[in-house]
Amino acid sequence: MALTHEHIIRLLQEKFADPQLTFEEPYGLLTVTAPAEMNLKLLQFLHDEASLQFRFLTDITAVHYPDRKGEELCVVYHLHNLKENVRLRMKIYVPVEKPDVFTATKLFAGANWMERETYDFFGINFVGHPDLRRILNVDEMDYFPMRKEYTLEDPTRTDKDDEMFGR
Amino acid sequence: MPRPVQYNTNEKVKLVDMPEGYMGEGFMATSFEKVVGLARKNSLWPLPFATSCCGIEFMATMGANYDLARFGSERMGFTPRQCDMLLVAGTIAKKMAPILRQVYLQMAEPRWVIAIGACASSGGIFDSYSVLQGIDQVIPVDVYVPGCPPRPEGILDGILKLQELVENESLRRRHSEPYKQLMASYGIQ
């Protein structure tokens, strides 16, 4: 029997029975939105449950919604059941003032670098991460470049030298 | 059957002109600077530092069609310690800036730098938080080659321009006060 979206939704609702757990299917990809503190329980259940077996973490990333008060930052997990070839997206929202999220490194070793990258670009604080430092950007960087809080062109910039080519 | 030699005759091998000097029977006198300039100009050892598409154009420049070897840059040296001419071809991320600087520092004097393409010269289209806005922010540059990417002809032109600089460079330049000030402005001893 193929793993259907209805089956996943039914199992999750039976297990957690939480009204804050919402489901949608944009472009046919099942998306679970959960409260931030539930992320590990959900990942663990999706990983262990015999009929679900989401055992491959494709990616962790984040989105910044500057207009959503109290839930500015969205952390997105992409999971994959390799056996049934079914994908699942999980979203949690955290406020930009306190972007604390439990780390998934205990469950997926591959989450280590993904979380470092997400921290690097969005400043998500993964609580319990063994080595949370910047991975792609220079170590001296003191801001999170992918947050939507900067003007498109900064007139006060000093590192852009227009002498040779100009704009 | 005698076979005439068809290669390495003087019509096929191009020689550089002799520098000005005083010549007599069995001797020739000229200035040391001219001889050194001539030698350096025609045996520049290139060190390619290619990170993106400009590097591909540079490979074409090295290939048989454009053949950089015609200008005395026969062999790429992939160690900075052997090379005279650093060719930076491509976007340099801010994270790579210290590595580029290290490569430059490992080269022995006299050393020259060509910035190939818009990215190496000014950051190019990557007006971004992660990209170095021109390599001249970390190392001094002698010749800038514009283009995105420049054609191999452009790169050859840049190298010929550099050869002019090398030929006419004073032997004392690297000990001069302005040069020391230039190095000091980049924080290089």
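How do α2(B) and α5(B) lie relative to each other? Let's find out by walking through the model.

Before you start, note that this is a predicted model, where local features need pLDDT of at least 70, side-chain atom pairs count only at pLDDT 80 or more, and totals for chains, interfaces and linings use all residues. Residues are numbered from 1 along each chain as its sequence is written, while chains are lettered from A and ligands numbered from 1 in the order in which they are written.

**Stop 1: two helices in chain B**

Select residues 53-62 of chain B, helix α2, and residues 152-168 of chain B, helix α5. Helices here are DSSP runs of H or I with at least four residues, strands are runs of E with at least two, and both are numbered from the N terminus. The two axes come within 8 Å and cross at roughly 75 degrees. Axes are lines fitted to C-alpha atoms, for helices over the stretch in contact, with angles from 0 to 180 degrees between N-to-C directions. α2(B) and α5(B) are therefore roughly perpendicular to each other (65 to 115 degrees counts as roughly perpendicular).

Now show the side chains of B:E57, B:F58, B:A60 and B:T61 on α2(B), and B:P152, B:I155 and B:L156 on α5(B), which make the contact (C-beta atoms, placed from the backbone, within 7 Å).

**Stop 2: the sheet of chain B**

Next, colour the four strands that form an open, parallel sheet in the order β3-β4-β5-β6 of chain B. Strands pair if DSSP finds at least two bridges between them. At the edges are β3 (46-50) and β6 (143-145) of chain B, each pairing on one side only. Look at B:I114, whose bridge partner in β6(B) is B:V143.

Bring α2(B) back: this helix lies across β3, β4 (85-89) and β5 of chain B, at about 145 degrees to β3(B). Then select residues 97-106 of chain B, helix α3, which packs on the sheet and touches β3, β4 and β5 of chain B.

**Stop 3: the sheet of chain A**

Move to chain A, where five strands form an open sheet with mixed pairing, in the order β1-β2-β5-β4-β3. Select β5 (residues 86-94) of chain A: four bridges join this strand to β2 (residues 31-34) of chain A, and the two run parallel. Zoom in on A:T33 and its bridge partner in β5(A), A:K91.

On the β4 side, nine bridges join β4 (residues 73-81) of chain A to β5(A), this time antiparallel. Finish at the hairpin of β4(A) and β5(A): four residues lie between the strands, and A:N85 in the turn has a positive phi of about 55 degrees.

Key
Parallel < 35°, antiparallel > 145°, perpendicular 65-115°, else oblique. Contact = placed C-beta atoms within 7 Å.
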